[in-house]
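Okay, everyone, let's get going. Have a look at this one on the screen and I'll talk you through it.

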Amino acid sequence: MTPKISAGQTACLLIISRIIVSLTYSPSFFTGGYGSVDILAFALTLPVTALQFIPVLLLYKRGGSVVTVCYERSRTFGVAVAVSYALFLIWTASVTVARFDVFISTSVFSQYVFYGFMLPCVLAFFAALKGIEGIARASVAVVILIIAAVLLLFATGFSSFDTNNLLSFDYYGNGALFRSFLSSLSRSMEAAILCVLLQFVKTKLRKACIIYMSVSFITVVLVLLTVILVIGDFSFITMFPYDSAAGNVSRWSFLDLEPLLIFVWIIGVFIKCSVCITLAAFCLEKIIKNIYVRSGVSAALVMAISFALARDIGGYPILFTPAVSLTLIAVFSFVLPIAALVFGGKRCLKN
Amino acid sequence: MDSVFFYDFKESLLDNEDVKFRHFCIFGHSIHLVFLDSMTSKTDLGHLVIRPMLSATELPEDEEMLLEYLENSVISAADTKVIYDIEKAKQQLFGGCALIFAGNLSKVLYADIRMYPFRAVSSPDIEVSEYGSRESFIEVLNVNISMITRRLKTDTLRFENLNVGSTTNTRVVLCYLEDKAPKKLVDEMRKTLVSSNLSEIFEAGSLKEILQKRENTLYNTLGMTVRPDVLSSKLSEGRVAVMAEGSPEAVFAPYLLIEHLQTPDDYVNRPYFALLTRTVKLISIMLSIGLIGTYIALAQYNPEVFPSSIIYSIMNSAVSTPFSAATESVFLLLLYEMMREAGMRLPKSMGQSVSIVGSLVIGEAVVSAGLIGAPTVIVCALSAIASFITPDLYNQTSVLRILYIIVGTVSGIYGIALLSVFLFVGLCSVKSFSVPIVSPFAPFDKKGIRDSLFRFNYKKLGKKTADVNSFTGSDDEI
């Protein structure tokens, strides 16, 4: 597998993954919605995110992804890790699609309930067949578009900002910061994704991590500020606060920005979903030889899981509970990469 | 005594009335002259071949040396050569050369004295520019080659002759600068052309599909031009071109998406104006593809995005016309395509009549009769005008436009967004002979960006040419 994507493109893929989660963030299900405390909590997650990247950078130095490093040790170990990461990536894509489907069917178009989750999966399958290169190149433009949309919403919402919504940090009580911190941390799965993605990265992974952290920090802060300053504590009772904020801003501006927001969410969801399917297909490479079959299997699983999560009310707690995400982050960003570093091959070539 | 070689040759051409045979007996040697009545210059034949042979004071006694002697000491045509293969001899004959068979020899001497009518070099009908060269390629390959050579006076300029097409035996020329074009690219194009098992080639355009056979894609991965100035600049950037006899176009590769936006005028106008025109072109490409589909999606599913006065107009036309916006759009596009075809194929005078009938009679009548709403007509017209701005993308825009209409009708802005990003990922994954077609934007290339959507001042741009094959993301770069 020849390394193909640049540091900038890698950063863009990670930024999309992170921003999409923030845009579809729902305090009705997640813990959070604590106004200015959320911003502080998000800032506090940055050092932890930086820590998450240490095993990834060490793996990169070793010369391969978590999967290839484990294969270097033994086939059984490699297959076990590859299957685990494939399932994790499929789960991540499913959650993204399911959350988007919940948003689409509850807030935007109720008539899309049937195929809302299917289209991104089917198209992502075809994108996965074209390889990570095309997706990575497209991600640069998508990031520019998403950031432009976030900035536009922030700028047009300026006249409707209410600084009284920026309440003091102790307003929400003592535990709010900790709960918000955990909630924010549960939305950062990028290090785990990067453990597999680094197989395709050409050079300067550290640069990619720094770009990702700085750009995503600024953008997510802008998203949180827009929500806090426009709707304030109202975000507690709205299902998707950023969408509500966009709707609120539209009343004050000359443009209706909700369709624009939906547009950038859709393209972000598509990119994230296709990256996850491509990487899951890569993980399954040693077990299933045919690219069509392994991409198809991954896409079908994403479809099935997202359907189960979005349709079944019982799936909601799993979808939105930070505990599940935190456990997965701990396993796939720390435990397995460290295990790969300790027990895996000492040196492996990317191809 | 005449050779079997000659009789075999003559036998295969007996039914062709255009082939003329003449027999001479000079100093005891039997010499046959064969030429095409339609493509050989009789004056040159007389002055450069027949008269020198008849007025020769001596000829060698040894028959084996006869053709070489004629070539070196008698015939005064500029291009002569002895060949040993009947098929090659036929190729030369049908190319307009005169063939000289002597005695019992199994070889033949050809003299290039071809002459056939061809049109003069004129201004291009397509790729029109306000400033710059007024020359365009013509159907005669040698004239086209001369136009390139006049512009690129360098010893690294190469023209490789190839014969493609088992029936037509078309002369195809591979053209490149040896110090700029990667050997891998030249070899790949040569190999593809030589190994193409085609029977007929009438124009360079049909070679496009053969050369891009590995790229099963919607987008152009090979460019085509009729302008020698454009082709010369492409060659100087490391591209490889293919020209064919009988075709006034040249095909070249690699071809990037940004080249659809560039025109020769951009380098004469000020850089800020070039930025403006290229931006307008980019917007027009997007409008021509997605405007109708997005309009239908928004009008049908999200009318709230429009200002209230426009909503009123849309709703008014929706209730006063019998069809949906999608049906109206499809009908208008069909009408437009029919008129375009009619206008293109008919003589110019009648073509104008078609435009008048289309725009005034049909356009006005369908709105007045309440069959189609005015907003739909405006949107379709705007989309059609936008597609005229980049005519070389017409194939793609007309197909994608219909796809957008279908998706916009079925799934609104949701489907439009998904289709857009899907097509964009597809576009980003396409390569034109190892170079990503979205270069120099993605992956970003510092050298290439100097002449992309905006262009640098010519003082900087003219100092060093960016080699397209070394852009970031191309296989050579890796």
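So, contacts in chain B: take the ones with a separation of 6 or more, and 67% of them are between residues 24 or more positions apart. Keep in mind that this is a predicted model.

Chain B has 15 helices and twelve strands. Its radius of gyration is 29 Å, well over the 23 Å that the globule rule gives for 478 residues, so chain B is more spread out than a compact globule. Along the principal axes, the C-alpha trace of chain B spans about 100 × 50 × 40 Å. As for burial, 37% of the residues of chain B count as buried.

Now the sheet. Still in chain B, there's an open sheet of five strands, antiparallel in its pairing, and the order is β1-β2-β4-β5-β3. The edges are β1(B), residues 19-26, and β3(B), residues 80-83, each pairing on one side only. On average, neighbouring strands of this sheet are turned by 25 degrees against each other, ignoring direction. Zoom in on β3(B): four bridges join it to β5(B), residues 108-111, and the two run antiparallel. There, Ile83(B) sits opposite Val108(B). Helix α2(B), residues 42-54, packs on that sheet and touches β1, β2, β4 and β5 of chain B. The direction of α2(B) makes about 25 degrees with that of β1(B).

Over to chain A, for a helix pair. α3(A) and α14(A) pack at about 35 degrees, with axes 9 Å apart, and their crossing is left-handed. What does the contact of α3(A) with α14(A) have, by class? Seven nonpolar residues, no polar ones and one charged.

Terms used. Residues numbered from 1 in each chain as written. Chains lettered and ligands numbered in written order. Predicted model: local features only at pLDDT ≥ 70, side-chain atom pairs only at ≥ 80, totals over all residues. Rg over C-alpha atoms; globule rule 2.2 N^0.38 Å. Buried ≥ 20, exposed ≤ 12 C-beta atoms within 10 Å, placed from the backbone. Contact = placed C-beta atoms within 7 Å. Axes fitted to C-alpha atoms, helices over the stretch in contact; angles between N-to-C directions. Left-handed = near helix turned anticlockwise from the far one by under 90°. Nonpolar A, V, L, I, M, F, W, Y, C, P; charged D, E, K, R; others polar. Pairing = 2+ DSSP bridges.
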